Number of protein chains: 2
Amino acid sequence: MPTEAPTVADLDEKSLLARIFPRLGTPIALLGPGDDAAVIAAEDGRTVISIDTLVQDADFRLLWPSGYRTSGFDVGWKCAAQNLSDINAMGAVPTSLVVSLTLPGSTEVAWVEDLADGLAAAIHVLGATECSVVGGDLGRGREIVVTAAVTGSLQGRTPVLRSGARPGDIVAVDGSLGRAAGGLAVLESHEDYAALIADPTAENLALLELATSQCRPRPPLASGPRAAESGATAMLDISDGLVRDAGRIASASGVAIELNAAAVARHAEPLRAAASRLGADPLDWVLGGGEDHGLLACFPADSELPAGFELIGEVRDGAGVTVGGQSPQTIGWDHFGG
Amino acid sequence: MPTEAPTVADLDEKSLLARIFPRLGTPIALLGPGDDAAVIAAEDGRTVISIDTLVQDADFRLLWPSGYRTSGFDVGWKCAAQNLSDINAMGAVPTSLVVSLTLPGSTEVAWVEDLADGLAAAIHVLGATECSVVGGDLGRGREIVVTAAVTGSLQGRTPVLRSGARPGDIVAVDGSLGRAAGGLAVLESHEDYAALIADPTAENLALLELATSQCRPRPPLASGPRAAESGATAMLDISDGLVRDAGRIASASGVAIELNAAAVARHAEPLRAAASRLGADPLDWVLGGGEDHGLLACFPADSELPAGFELIGEVRDGAGVTVGGQSPQTIGWDHFGG
């Protein structure tokens, strides 16, 4: 980075906040930023809450092997998207984000402004129309750490847990599978990102679109409440991979989940050319890749699936997850160990 | 640290969570940890929310010049205390914490367990009887970053903002002033912490107690709601120093705040011996030191101050903060710049 660009070390906290807040739009809150805490409406007397963090070099690289530079916009978008998705997965509607930024002094102010733009853009584009950033915290650290806590409103609905799946239920997904994992493979590859842009063949564009899926995931925010209203018995967002996350429902519900091999293959098929070019198996992406933040939900057998959901399996007696009757070779990743 | 002690790199996420959750007690929530999000009660249809972060080497050192080693317990306590304090400062009662831990793989598991104990202890000892940890996030990083978001309930009260002070109001504080700053000076000094413990003279004990004030602050949690009920016109918690925080009320309210020199001196007096030994001015600690997380509040002139509060100044026409009519030389610190 050119040394003449202003960095956060050049600004006091108040000045940096003055650069950030105007980019976040008018807060939708009973009391917005500026006091010790914000106040948000909790219309049905309940508030859904979750927290999620992105860490430089663990959750994203500032510079990938492919040459792609993660923008502040990407990090802001992803931070918002993955937090909003946790509210969606409960059948709730997001109502606020509070965001804590830990930044090296060398971080360019423009990068931080871009992060604020990414937060606001994700909230807007993903359709979280009742949500805004209502507060935050700024501090210094050796690496970039962005944490957001998110609240949501159930609007009178019963929250959909992981533990309610029953044998005989059908299993459905809404959202992409394996695209974010494919994008991670593109970013981590020695494909030259700039060359892909310079030569926009259909195949190159497909790689670029996968990378965008990794950097700017698009959880289907309307679908969580819709699934709750349609009687979903269990639900979560696929953040750690289809098999691992299906296993979480299976474990919490005390059931087995069988994923339909043909349905899984339909998700793998459009990824085949990209995977082949990168020397990967698209089934690994579909079964093991997280971060698309689609929804995995179970419904009673006689349900009409809500718009956006497609059938991908069924709930059975037993334990664990199978794909076409087989034990999957691929599992999602884990932050620690493994 | 001895290399044989298990570290977070030795455990997967699930195993580490299994070490943490039992230490946090039974969650007080409509839905506790284990799903994509928790659900808490918001009895009056509003939720107060804030977020605050502690970063290794910015907000605490693992090993101080005095030889004191910051325990996980200290970090957990301080994380909870400073977050609970933000809710207190609105006149609300804390209802939940969600906590995100970013940890180097080399962090000992015992240190993380100790952090969970510190969170639970602060919630209990500070009297946040309606609050518990309801969720969290774990991730890897190069340094320890602990972020909590906190929610609160106003229980029908009007939130007390920074902006409501009016000329003629009286200014009062509840909680210690300058003790956490004195403790920071002890920890940063070349006093030998182990030697202070080994030789528990009254003077040495005083230094140790200051250090404890820095590591384990005790915000007066009952006092925020009490101040709100007593008609406080403006309030905040003193996190960045009396003068700086008084200046925030003055600025937000469009008024001047005069702090009574004798009242300030009364807070400095018991710190004089310790400050003298460390070559510091106790007035600097009282006026400029933050992190005690006491409350600074304004009340109408004819108010009877609620229990715990003592008069420290008055609100006047004008702008800025004076002490005994003089411009203070000392100001609080700022995370960035300065």
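Predicted model: local features only at pLDDT ≥ 70, side-chain atom pairs only at ≥ 80, totals over all residues.

**Entry 1: an annotated position.** I began with the record: the UniProt annotation "binding site", from an unreviewed entry, covers D240(A). Where is the place of D240(A)? I found D240(A) in the loop between strand 7 (234-237) and helix 8 (242-253) of chain A. Buried or exposed, I wondered about D240(A)? Buried means under 20% relative accessible area, so D240(A), at 10% relative accessibility, counts as buried.

**Entry 2: a histidine in a loop.** Next I went to H293(A), which has its place in the loop between helix 11 (282-288) and strand 9 (295-299) of chain A. H293(A) is buried, with a relative accessible area of 3%. Its side chain makes a polar contact with the side chain of D237(A), at 2.8 Å. Leaving out residues up to four places away in sequence, I listed what H293(A) touches, including D237(A), I238(A) and S239(A).

Entry 3: I then moved to chain B. In a regular strand the side chains alternate between the two faces of the sheet. Strand 7 of chain B pairs with strand 9 (residues 295-299) of chain B in the antiparallel sense, over four bridges. The bridge partner of M235(B) in strand 9 of chain B is A297(B).

Entry 4: Which residues of helix 1 (residues 13-20) of chain A are buried? I noted E13(A), L16(A) and I20(A). They cover an arc of only 65° around the axis, so they lie on the same side of helix 1 of chain A. The face turned away from that buried side carries the exposed residues K14(A) and A18(A). I traced the packing of the buried residues to strand 3 (93-103), helix 3 (109-125) and strand 4 (133-140) of chain A.

**Entry 5: the two copies.** Last, I superposed chain B on chain A: a rotation of 180° with 0.0 Å of shift along its axis does it, with RMSD 0.0 Å. That is the relation of a two-fold axis. The same surface serves both copies, as 100% of the contact residues of chain B recur in chain A. Of the residues of chain B, G45(B) comes closest to the rotation axis, at 2.4 Å (C-alpha).

Definitions and conventions. Residues numbered from 1 in each chain as written. Chains lettered and ligands numbered in written order. Heavy atoms only, no water. Buried < 20%, exposed > 50% of the residue type's maximum accessible area, 1.4 Å probe, protein only. Helix = DSSP H or I, 4+ residues; strand = E, 2+ residues; numbered from the N terminus. Arc of directions from axis to C-beta. Contact = heavy atoms within 4.5 Å. UniProt positions renumbered as here; feature names shortened; annotations may be inferred. Least-squares fit on C-alpha atoms with pLDDT ≥ 70 in both. Polar contact = N/O pair within 3.5 Å; in protein donor to acceptor, adjacent residues only side chain to side chain. Pairing = 2+ DSSP bridges.
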